[in-house]
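Trainee: I would like to work through this model with you, one part at a time. Could we begin with how its pieces pack together?

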Amino acid sequence: MALDSCTPQLGRSSDERVIATMTREEKVRLLVGTCKDWNLVPEPAPATIHRPPVPEGYWENYQGNTATMKGKVSGAAGVSYAIPRLGVPEIVFADGPVGLRIDSVCTAFPSTTLLAATRDTDLVYRVGKAIGEEMLYYGVDILLAPGINNMRNPLCGRNYEYMSSDPDIAADMAAAYVRGVQSMGVGACIKHFAANNQETYRNGIDVQVADSVLRGLYLRAFERVVKEAQPWTVMSSYNKVNGVYASENTYLLTDILRGEWGFDGFVMTDWWAEEDPVRMQQAGNDMLMPGTDMQIDTLLVALADGRLAEAVLDRNLLNVLRIIRRCPSFRNQGTTNPDGLCLQQMLKTHADLARSAAAKGMVLLKNDNGALPLNRAGQRVALLGKGSYDTYVGGTGSGRVSRAYAVMLNDALVQAGYTPDAAVTNLYTEHIRHSRSVQPEESTWYMPYVSELEWSRSELQDMARNNDLCIITLQRMAGEGGDRHLTEGDYYLTSVERSLIRDASEAFHKQGKPVVLLLNIGASVELTDVCAYPDAILLTWLPGQEAGHAITDVLTGIQQPQGKLPMPFYVRYEDVPSAANFPSSDGNPNIVIYREGFAQPERTLYPVGFGLTY
Ligand code: BGC
């Protein structure tokens, strides 16, 4: 197409002139992502909103909401609309926060909760920067991360993507993360704004919360990160806040975010958040993602019949163009990897960083009689718990990274010169292989279930005679789309797990040999009745692709555990301040009242800030 030499071009003419040259349709299309496939409704919706119900079996076959995304980066979560005649490129959005989620191989870093446990802003900055490098390499402009919602309750399925129950810890760490990502000239997106502290009914739940509590606990991390790290974008959340959808909430998006905090980037919806596109635009939700034809049509009709003022679109377009001008897709006009980064070398460096970061954020909860570090290689280890062989490296959902590999604990211990009991290893590996073979493969949204093996007292006594120590890994999976359950096997330990920890400890202690309990979990479980048994308890979290190596580094003392809890372990679930109001209040699935307010006395087993060292 021959360009009229007078046609304004983004970057060369003022944004106002570029906008003034757009047709109405171009304006609308630039404010709505390019996905369009309304059939990809991401999850069951509660009765309060009008989305069609999800058909039976939908989740089982769900391939992620990127299945039809046809942008230049396969597996990216979304793409904006390009207007070539005005020099406006498409920009690419992809998930985080524990690494870049696209179809190509990226580094799976440890959970952001683990990163927060390091309390090391320099380290967190370096992880953010590493993710930014991978974005630049693959051609991604905006990382949909970090998630900085307050860990209000240990059962929230996405806790592994969040940072802390303390908004100031979350703010310190998230600001460092955002600065790291953006130091590479790509953008971060803090999410999910605001009060999205659960997955149950997340699309429609009305969070009712007093303004002082909202600001002091649930907006505080967002406020500080906006002011201290200037994230390029913010993602509004699915839920309502005090009766109004966050994505249509003028008070949150315009009065507070822009008016009070001075945010100068753009706001996007969470994926498929849908009620009224007109109200979203009016409230200051600049971009609707991933975008549907219905939204485009609705906006065009509203413009035509005067319900939506064009000036609203122009205001939002200014926010969007200001950021597009900063993006690599604009600066580099389509060339990816402008700095000539070498993929292999970059992934190797990032794997080393993932390993050291993971080790650093592990939290030593107990260490009686100097059980850790294990001081000698060559020791015979009774390695118990399925998680010792099938170590979880991350959670499920949009935060799952397509990693090249994952290091299991048993392999890493062998590499470090330890000798896991062969008979025990064979039983676990065969059990895991069989359990996985009869289920669908592990994927973004699905983790096969493997049951825990039972051991009799006499088997454990034999093990105790034949080995020098015992390591037991207890694990839990969680992720986007659902909350954890207040049941045995999730928040509570099962009777098999409790007996394993108790009986193995008795058997090994009789032989004067130590027992180490590893917690391969994203957020807390109830440990109160078992924590007395083992000599040492190490919280490994979900440690990323280098899991086994990082755990071994800490067990052997190559790396000091330095993590400090960013969220508490409670004595009993009833001690969680939000226990009576999670996931809803007064038996009404549409409402959750944040009654806990500030500074409720918590009965904790291990409080925020707790963590031993060697
Ligand atoms: C999640 C977001 C994510 C988006 C894009 C949504 O389901 O809530 O956190 O960024 O999908 O994948």
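Mentor: Before we start, a contact here means heavy atoms within 4.5 Å, and the model we are reading is a predicted one.

Trainee: Against which helices and strands do the buried residues of H19 pack?
Mentor: Helix H19 spans residues 547-555, and nine of its nine residues are buried, among them His549, Thr552 and Asp553. Just after H19, glycine 557 takes a positive phi of about 85°. As for the packing partners, the buried residues of H19 contact helix H14 (343-361), helix H15 (409-415), strand S13 (469-475), strand S14 (515-520) and strand S15 (536-539).

Trainee: Which elements do the buried residues of H17 pack against?
Mentor: The residues in question are Leu460, Met463 and Ala464, the buried ones of H17. Their packing partners are strand S11 (380-384), helix H16 (422-437) and helix H18 (495-510).

Trainee: Which residues of the largest nonpolar core touch the most other members?
Mentor: In soluble globular proteins, nonpolar side chains tend to be buried together. The largest nonpolar core in this model has 80 residues, and those that touch the most other members are Leu100, Phe193, Val225 and Leu252.

Trainee: Which helix gives the most to this core, and what does valine 225 touch?
Mentor: The helix that gives the most is H6, residues 167-182, with ten residues. With residues up to four places away in sequence left out, valine 225 touches Ile148, Ala171, Ala174, Ala175, Val178, Ile190, Gln230 and Pro231.

Trainee: How many residues does the second, separate core hold?
Mentor: This second core is separate, and its members include Leu374, Tyr428, Leu555 and Phe569. Leu555 is also one of the buried residues of H19. The residue count of the second core is 66.

Trainee: Which residues come nearest to the ligand?
Mentor: There are 15 residues around the ligand. Those that come nearest are Asp95, Arg158, His192, Asp270 and Glu480.

Trainee: How far do polar side-chain atoms of glutamate 480 and tyrosine 238 lie from oxygen atoms of the ligand, and how much of the ligand does the protein bury?
Mentor: For glutamate 480, a polar side-chain atom is 2.5 Å from a ligand oxygen, and for tyrosine 238 the corresponding distance is 3.2 Å. Histidine 192 also takes part, with a side-chain N or O atom 2.7 Å from an oxygen atom of the ligand. Taken alone, the ligand exposes 310 Å², and the share of that area buried by the protein is 100%.

Trainee: Where is the cis peptide bond that involves proline 146, and what is its omega?
Mentor: Proline 146 sits in the loop between strand S3 (142-144) and H6. The cis bond joins alanine 145 to proline 146, and omega is about 10°.

Trainee: What is omega for the peptide bond from phenylalanine 193 to alanine 194?
Mentor: Alanine 194 belongs to the loop between strand S4 (187-193) and strand S5 (206-208). Phenylalanine 193 is one of the residues that touch the most other members of the largest core. The bond from phenylalanine 193 to alanine 194 is cis, with omega near 15°.

Trainee: Is alanine 195 buried or exposed?
Mentor: Alanine 195 is found in the loop between S4 and S5, and its phi is near 60°, a positive value in a residue other than glycine. The cut-off for a buried residue is under 20% relative accessible area. With a relative accessible area of 3%, alanine 195 is therefore buried.

Trainee: Is asparagine 369 buried or exposed?
Mentor: Asparagine 369 lies in the loop between strand S10 (363-367) and S11, and has a positive phi near 50° although the residue is not glycine. Exposed requires over 50% relative accessible area. At 72% relative accessibility, asparagine 369 therefore counts as exposed.

Note on methods: Residues numbered from 1 in each chain as written. Predicted model: local features only at pLDDT ≥ 70, side-chain atom pairs only at ≥ 80, totals over all residues. Heavy atoms only, no water. Buried < 20%, exposed > 50% of the residue type's maximum accessible area, 1.4 Å probe, protein only. Helix = DSSP H or I, 4+ residues; strand = E, 2+ residues; numbered from the N terminus. Core = buried A, V, L, I, M, F, W, Y, C linked by side-chain atoms within 4.5 Å. Near = heavy atom within 4 Å. Polar contact = N/O pair within 3.5 Å; in protein donor to acceptor, adjacent residues only side chain to side chain. Areas by Shrake-Rupley, 256 points an atom, 1.4 Å probe, with all protein chains shown as cover.
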